[in-house]
Amino acid sequence: MLVPYIRSSFYGGIQWCPFKAYLEYNLGLPNTENFKARKGTLVHKAMEILAKAKLAQQENQEAFTDEECGKTFPCSISSEEALQESWDLSKRQKPEFPWSDADFKDCQKWMNNILGHPMGLYDPRKRDIFAVERFFDIPCHFSDEKESRKWSFVDREGKEHSGEIRLRGTMDLLALVDASNCVEYIDYKTGKSRQDWSTGKEKTLDDFKEDFQLLFYFYALTKIYPQFDVFLMTLYFAQAGGPFTVMFSREDIPKAEKKIKKFLDNTLSITKPERILGNPRRSKELFKCTRLCHFYESGECESHYKELQQLGILEHTKRHANVAAFSSYTGGGKTDVQCNA
Ligand code: SF4
């Protein structure tokens, strides 16, 4: 498979279904958002508004503008108002979803779980905010290799596309723990479980020490912010056990690099992306196809799979890849919510 860039959601996509990841990340077919995932995005957005309010307050401003909402809010915006604004925004953006009072209450409950944590530890208004929605796009350059990794692809018109493989993502929230040495990354998860989709088991704190997303974001943080030595990495599961925090230091960089390199090399070596459909080994996961994958309903899974069998992955990718889509960044960490919903 081609890897023009690595995102945490690409890794999650491969664990979920390699063929689906191929359709999305190589061919550039659009991934449609499901309603559950959108409710998670909505809670993220409300938390983002609160974090931006706190950041503006720290900078002695009285108000701040949220471009996505298209509005200026006072720094004193309450959590209820932030949720209402985010709710209204999602309803405007996704009018096709069956928004109901019960859904609003779900989102309210998840948000209250986060904000109500003892000592307000995960309430952005009570933290020293360092950055909100921090986007990164850095070259994939491992410390034991001379150059950054490259990708290249010849499209159906014979035009060559190439570049550095990039590591990309958006970090929801960074809060200072110790301004001279330690920053905390916080990501809110709203899925019902902490399930590892590749094993079916619920993740524990020990699993999070080896978690791809946490190591990947930690690695990016070490590149972006040389001033910090210690990184607290927190996933807050609003419906599935609250906060899980692991601590990494620069000594963990080789471990992160090993993890990223392994994913990269394994993905590059895939010539027949595995499907769930028709795969006896994964028959228990058929619900992912019939209930959660629009490529099943649209028939795109079947038609592309048949064609790929005939042509091989190189020719198939050449024929169908939407180069503009697969080499560009099309979203933030929110896509990850979908995999955990
Ligand atoms: S229908 Fe199933 S096998 Fe096909 S891409 Fe979707 S999840 Fe994968």
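**A tour by selection**

Select residues 300-311 first: this is helix α11, whose 12 residues reach 16 Å from first C-alpha to last, close to the 16 Å expected at 1.5 Å a residue. The model on screen is predicted. Step on to glycine 312, which follows α11 and has a positive phi, near 85 degrees.

**The ligand shell**

Now show the ligand and the 13 residues around it; those that come nearest are Cys17, Cys289, Cys293, Tyr296 and Cys301. Colour α2 (18-25), α9 (286-292) and α10 (294-298), the elements that give two or more residues each to this shell. Which of them gives the largest share? That is α2, with three residues. Colouring the shell around the ligand by class gives 10 nonpolar and three charged residues, and no polar ones.

**Two domains**

Domain 1 is 5-30 + 286-338, and domain 2 is 35-148 + 156-264. Their contact takes 18 residues from domain 1 and 27 residues from domain 2. On the side of domain 1 that touches domain 2, pick out β1 (5-6), α1 (8-16), α12 (313-320) and α14 (334-340), each of which supplies at least two residues. By class, this side of domain 1 has seven nonpolar, six polar and five charged residues.

**A hairpin**

Select 230-237 and 242-249. These are strands β9 and β10, which run antiparallel and are joined by eight bridges. Where is the bridge partner of phenylalanine 237 in β10? Go to glycine 242, which pairs with phenylalanine 237. Four residues lie between the strands of this hairpin, and glycine 241 takes a positive phi near 110 degrees there.

**Two loop residues with positive phi**

Move to the loop between α3 (35-58) and β2 (63-66) and select asparagine 60. Its phi is positive, about 60 degrees, although asparagine 60 is not a glycine. Is asparagine 60 buried or exposed? Asparagine 60 has 7 C-beta neighbours inside 10 Å, so it counts as exposed, the cut-off for exposed being 12 or fewer.

The last stop is methionine 119, in the loop between α5 (101-115) and β4 (128-139). Here too the residue is other than glycine and phi is positive, near 65 degrees. Methionine 119 is exposed because 7 other C-beta atoms lie within 10 Å.

Methods: Residues numbered from 1 in each chain as written. Predicted model: local features only at pLDDT ≥ 70, side-chain atom pairs only at ≥ 80, totals over all residues. Expected span 1.5 Å × (residues − 1). Pairing = 2+ DSSP bridges. Near = placed C-beta within 6 Å. Nonpolar A, V, L, I, M, F, W, Y, C, P; charged D, E, K, R; others polar. Domains from an automatic or database assignment. Contact = placed C-beta atoms within 7 Å. Buried ≥ 20, exposed ≤ 12 C-beta atoms within 10 Å, placed from the backbone.
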